[in-house]
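Good morning, and thank you for making time for this presentation.

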There are 4 protein chains.
Amino acid sequence: MEERGQEAFIQQQVHTDLAVEAQESAADGSGEMPGVRIREQEYRELGLTMTRVEVLDERGEKAIGKPKGLYITLEAESMREEDEEGGRELSRQLSLYIKEMLEQAGAPRSVLVVGLGNQEVTPDSLGPRALDNLRITRHLKEKASVSISGIVPGVMAQTGMETAQIIHGIVEETGPEAVLVVDALAARSVSRLGNTIQLSSTGIQPGSGVGNHRHSLTEESLGVPVIALGVPTVVAAAAIVYDTLDGLSELLEAAGAASQADAVEGMTLEERYQMVKELIEPRLGPMFVTPGNIDEQVKLLSFIISEGINMAFEE
Amino acid sequence: MEERGQEAFIQQQVHTDLAVEAQESAADGSGEMPGVRIREQEYRELGLTMTRVEVLDERGEKAIGKPKGLYITLEAESMREEDEEGGRELSRQLSLYIKEMLEQAGAPRSVLVVGLGNQEVTPDSLGPRALDNLRITRHLKEKASVSISGIVPGVMAQTGMETAQIIHGIVEETGPEAVLVVDALAARSVSRLGNTIQLSSTGIQPGSGVGNHRHSLTEESLGVPVIALGVPTVVAAAAIVYDTLDGLSELLEAAGAASQADAVEGMTLEERYQMVKELIEPRLGPMFVTPGNIDEQVKLLSFIISEGINMAFEE
Amino acid sequence: MEERGQEAFIQQQVHTDLAVEAQESAADGSGEMPGVRIREQEYRELGLTMTRVEVLDERGEKAIGKPKGLYITLEAESMREEDEEGGRELSRQLSLYIKEMLEQAGAPRSVLVVGLGNQEVTPDSLGPRALDNLRITRHLKEKASVSISGIVPGVMAQTGMETAQIIHGIVEETGPEAVLVVDALAARSVSRLGNTIQLSSTGIQPGSGVGNHRHSLTEESLGVPVIALGVPTVVAAAAIVYDTLDGLSELLEAAGAASQADAVEGMTLEERYQMVKELIEPRLGPMFVTPGNIDEQVKLLSFIISEGINMAFEE
Amino acid sequence: MEERGQEAFIQQQVHTDLAVEAQESAADGSGEMPGVRIREQEYRELGLTMTRVEVLDERGEKAIGKPKGLYITLEAESMREEDEEGGRELSRQLSLYIKEMLEQAGAPRSVLVVGLGNQEVTPDSLGPRALDNLRITRHLKEKASVSISGIVPGVMAQTGMETAQIIHGIVEETGPEAVLVVDALAARSVSRLGNTIQLSSTGIQPGSGVGNHRHSLTEESLGVPVIALGVPTVVAAAAIVYDTLDGLSELLEAAGAASQADAVEGMTLEERYQMVKELIEPRLGPMFVTPGNIDEQVKLLSFIISEGINMAFEE
């Protein structure tokens, strides 16, 4: 019980916005988790893996630290490469899952797409950039089947306002039947960066996103269903440190240095937490880790996403 | 009477957002205009001219086609040149008039600054760029004497929504006591481009701005006082054509070709309007005229403005 | 003879970078022009018109004011609309003509693509933007059949250097076998803006481009063949004035006001030139006319162009 | 001897572009280092520390891994805060040291300023951004005392060319008497990010900069003196891992867990290197660590730098 509290604390330090990661780190090896249903599917010819995590009830929420709802994750190495054909195929796949989410959300006839994040910080610019190529139709005379509006609200350091407030005001005023939020996410592992897209029916929670949103963007707060579409582009620097500790004990162990491995392995969770805390505080807290070619990744992914959204709304 | 209607029509074709221009073209030579009070002041050492146009009542509104309120225009050739000292002095002057407007607006303790216009079109990017260097304070713990928030709402082609709706929603939600709108304007004459700043107590009217805002941003529509700060960066291409006709008759006359000048001079206003309409429709309607170095002008002016606003809110 | 000099002068005032326009204004009605071969082709299903102007010798150079060489112009209204399929088809067509030009230039195995123009001024940003989506391959280990490098040299106000010097230095150092220059052009008529692409085998001449390049980028100056790919995005404000005068006499004539029409019609070319000069000097000289939605046009066209270039270099 | 080789290897893994860091990690505690002269000076009222590292000969080059020359480092916490007055004072100080470097470089009458780095990746955009506010004078008729030109060459992934080649070509063609290179650097410690400026008389070495330049920009390669002005904006992710190992042994030791500390402490350098290599390969190699508010830091610092350069060239 005590340990669970510590673990939660550590989990927060090394926060992940990805349900697949949360589920992995919560799994105890048996593969069973109460209140969570997981299904994985591989599309070999596309090099694509789709994981569907359903958090069914409170037990599931506690187990993986994510609210009740559906989380669909697409992983494909091809997202990292410039390949027009491959990119279009990914957009097509993505559009199918967006449609499923929209269906679940009551097939809204008007959707506000929100490009969250800071345009001026490359890994956080995914949301704003995705809006650049979106087909906006709400103002056109010839009505599309679904009317699309879009907004790039900026971040608090730029506006002085909670992003959630800005979106709430616009939703109140313009009355879309659903909101689709595109955002850059923080993953737990660098291996997820640039090759993963997550769709969720639960919106945005406080503390999520690269910029750590302080308030939620959810059906509860906005009054209409909120679908979140996110791509991990950074890892908290603190997570790297925590990984090093993990890696260290494994390496020592593998090297047969059992007693030495014990030095780390034998530490209680509390001790480990203390160590991480001391190692990272206060220097690494506000730091993040991101790939050197993040500009290319954000360019490719934001285009795949905007095309996917465009396709989802085509007749 | 009839003629006045035609003139109004032409005036609309060759719309100006500047009260000083509206007043000039409305003046009948006697210098007197009922319902309008004008005062001009020169600051020789600063190379600055300040014109204060007060529209006092409905007669004034009719005469110059601008709503009741105070319009302050600053003109200085030095706005066009990169000169750090000169720029700072202009910001200081501007800050005094912003303060006066704020005072008139009830000395608000919280102000939302709106950067209107299209970031992607250089002459229309003045508003968004001015927001870049603004000192935003609403979210800081140490409260400034006036709390400043800021938003760049985009334009309808990007958002699908009326800008006025977006602003209205944000005002409702975050409750500023006043709104300050920064916008790029359309002038009537190219000689005003890049050397003029207009402050007005009346907000933004439909049809004004480079992008021709469709709805108003005024105290009436937003529920709080709205101060507008604008800089002319374009002239409608149609205005150039109209000017050519004017210039033509003057030239012919000057050349002693009286009978030929009559050809144009002798036309009734209706005939002239028809001619302009045929010449410009449909090709020149959506075209604007702007200087080749508009990037430098917008950079300089947006910086002067953001510094001016920053100074106005300093203690 | 005298008149021809005047006409040349006027033509310079109302300069066009487009060979099709130069040829139209030079044509005397008979359709024959010594030293110039013209072929027009329509692709109905694509809504595309292709005009091939070959300037064969000095007589042709004099007649249309463009140097000896091949000029291919593509015109399609569809360039102005966002249509993924249509855009791809245009890129495909464009790639065929780029291939023809490359073939003529000796089938170079390495090409330096230059994105001329000012990134900060929307209508002049076409060249730099086209480079954004180009597939650069010169640095890759797996060699493409043609090695592509690219540069955005900026403009003189930003660098202090002649763009021609920068390119010359880079060509000397990196030794490409040909240069392909992408640039925004000045047209004579607003009806050409946003729907025209011109390819030429003659490179860039002094005085051409939105920013009026001062030196040439040609095979003579760079030592390797130079292909120029340009899109008209502005019209000189002076050209609008000249058009107004033309339109005025036509209108007056049409209205049966023969004697009045004479007032303008009857003027000698010299008189007309004087009038234009006085009307436009010094206010309109550095001004240009551009559409309100120039951001969308440049976005669409730069994408069509970069895709066209990419296709031309694919195996 | 053997160990020194290993250490060099590790040092490369955890490369620093900063001479002050290289000197710190090379120092053996005695404070003496052959071939290196160090002087530190504090300007209390400015909150500024200046460190002057002179590498005098080969012994010094070996000791700190930096070529012979002068390295001046300015550190001030105030660089991280928006403070107009403070920023101007820092620019003034910086300009004095730039002047000293220029004096040493033979008081050149023409200088090419190069903004190295990738505009699209926030921490690497410092060089290009610094060029934005530079006063370029080479093309003006009224000659400044020193003629300034500037170029933003892009990075290899964008151009396909070595940046060093591009600069070499431009230098050959335009003949400046010196080159001043502005670049974002990689530091060894996150505590240096955003508060440090380094000036060096030795230009840019292969492997330095955020983007790891492959070739040098030095007097030897360009034929004219090269002054480098750099600001650390990232730390290699691998360096964080290495720090964690260091921190781990210290923590264990401090906790009195002597035997456990031995587990890490007792490892040979080779073992440590192997561990780091395995921990970081291949995942962390291309990753970097950067602050969440890197956009604000780059904005502030690039402005301080461009003002500093402008002041250095004023009469």
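I begin with a pair of helices from two chains: Gln165(A), Ile166(A), His168(A), Gly169(A), Ile170(A), Glu173(A) and Thr174(A) of helix 7 of chain A are in contact with Gln165(B), Ile166(B), His168(B), Gly169(B), Ile170(B), Glu173(B) and Thr174(B) of helix 7 of chain B. Contact here means heavy atoms within 4.5 Å. Sorted by class, this contact holds four nonpolar, eight polar and two charged residues. Ala, Val, Leu, Ile, Met, Phe, Trp, Tyr, Cys and Pro count as nonpolar, Asp, Glu, Lys and Arg as charged, and the others, Gly among them, as polar.

Let me state the basis of what I report. This is a predicted model, in which local features need pLDDT of at least 70 and side-chain atom pairs count only at pLDDT 80 or more, while totals for chains, interfaces and linings use all residues. Residues are numbered from 1 along each chain as its sequence is written, chains are lettered from A and ligands numbered from 1 in the order in which they are written, and side-chain values use heavy atoms, with hydrogens and water left out. Helices (H or I, at least four residues) and strands (E, at least two) are DSSP runs, numbered from the N terminus.

How do the two helices lie? Helix 7 (residues 163-174) of chain A packs against helix 7 of chain B at about 120 degrees, with the axes 7 Å apart. Axes are lines fitted to C-alpha atoms, for helices over the stretch in contact, and angles run from 0 to 180 degrees between N-to-C directions. The angle therefore makes helix 7 of chain A oblique to helix 7 of chain B; angles under 35 degrees count as roughly parallel, over 145 as roughly antiparallel, 65 to 115 as roughly perpendicular and the rest as oblique.

As for the interface of chain B and chain A, 22 residues come from chain B and 22 residues from chain A. The buried area, meaning the accessible area (1.4 Å probe) that two parts lose on being put together, summed over both, is about 1,900 Å², and carbon and sulfur atoms give 58% of that. How many salt bridges cross this interface? The rule finds zero, a salt bridge being a side-chain nitrogen of Lys or Arg within 4 Å of a carboxyl oxygen of Asp or Glu.

Over all chains, the count comes to 47 salt bridges. One of them joins Arg52(B) to Glu100(B), with the closest N and O atoms 2.7 Å apart. Arg52(B) lies in strand 2 of chain B and Glu100(B) in helix 4 of chain B, so the pair ties together parts that are 48 residues apart in sequence.

I turn next to chains C and D. The axes of helix 7 of chain C and helix 7 of chain D come within 7 Å and cross at roughly 120 degrees. That angle makes helix 7 of chain C oblique to helix 7 of chain D.

Finally, within chain A, helix 4 (residues 84-104) and helix 12 (residues 294-313) pack at about 50 degrees, their axes 7 Å apart. Helix 4 of chain A is therefore oblique to helix 12 of chain A. The residues of this contact divide into 10 nonpolar, four polar and four charged.
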